Amino acid sequence: MVVFKLGLNVMKNLFGKGLLPAVTLDDVDIAKRLAETYLQAGLDILEITFRTDATLAAIEAIAKTFPELKVGAGTILRPRQIKLAQNAGAKFGLSPGFNERVVRAARDNSFPFVPGVMTPSEIEKGLAAGCKILKLYPADIAGGVKYIKSLEGPYLQTGVSFIPMGGVNLHNLSEYLNCDSVIAAGGSWLASKEEISGEDFERIGETVRDSLEVALGDS
């Protein structure tokens, strides 16, 4: 599928630093302060989940205020959210699971998209749909690094890359990124719910810098 082949090159550039923060936001001003914190810490990518009424406004504000930051939309569960995210300025999208209608909508709108998978059958559905980068979720419950390495036996030859999310943190980040099939690792440890609500941007920046040191050291 030509669109996803083009999207593959785009996404490889997106995830070049090996990290993907995933955050849920209720406030546009906090969204902009968080984006500024990431950029100052050296990270230029952010996923905002479709879990609050402020999601689209936050994406739009970041896209307009900080065009150098690649903002994406996460937790995309319905096809119409593809166009909504794209119109708001999202550069890419992700979902927790594999929904053929959502994948088709992303393809029809030339929108770089990462569907979620957990099992070998879902991985094969993703590959059949032309998706070479897949979100492995929830990674820790599935078996973590050990599970990923077991998947590499049959699937590494396909060129598939995984973004493990769910249970990834600063302490196990290096283990995940050392897997041959992992292009990036993501999650909320790069800005916890408590840190966001407490507006502890200094601590968030420290975590991002520490995580980048690990990620770029493993690249």
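Let me start with Lys135 and Tyr137, where, in this predicted model, the charged end of the lysine sits over the tyrosine ring, 4.9 Å from the ring centre.

Staying with rings for a moment, there is also 1 aromatic pair by the rule applied here. That pair is formed by Phe15 and Phe92, whose ring centres are 5.7 Å apart and whose planes meet at 80 degrees, and because an angle over 60 counts as edge-to-face, this is how the pair is classed. As for where the two partners sit, Phe15 belongs to the loop between α1, residues 2–14, and β1, while Phe92 is in strand β4, residues 92–94, so the contact ties together parts that lie 77 residues apart in sequence.

Let me turn now to the largest pocket, which holds about 500 Å³ of space. There are 25 residues lining this pocket, and the ones closest to its centre are Ala22, Val23, Thr24, Arg51 and Ser188. If we ask which elements give two or more residues to the lining, they are the strands β1 (19–23), β2 (45–49) and β9 (185–187), together with the helix α10 (193–197). Of these, α10 gives the most, with 3 residues.

Methods. Residues numbered from 1 in each chain as written. Predicted model: local features only at pLDDT ≥ 70, side-chain atom pairs only at ≥ 80, totals over all residues. Heavy atoms only, no water. 1 Å grid on protein atoms, 1.4 Å probe; cavity = no way out; pocket = protein on both sides within 12 Å on 5 of 7 lines; lining within 4 Å. Points joined across faces, edges and corners; volume = space filled by probe spheres on them. Helix = DSSP H or I, 4+ residues; strand = E, 2+ residues; numbered from the N terminus. Phe/Tyr/Trp six-rings, centres within 6.5 Å; stacked < 30°, edge-to-face > 60°. Lys NZ or Arg CZ within 6 Å of the ring centre and 35° of its normal.
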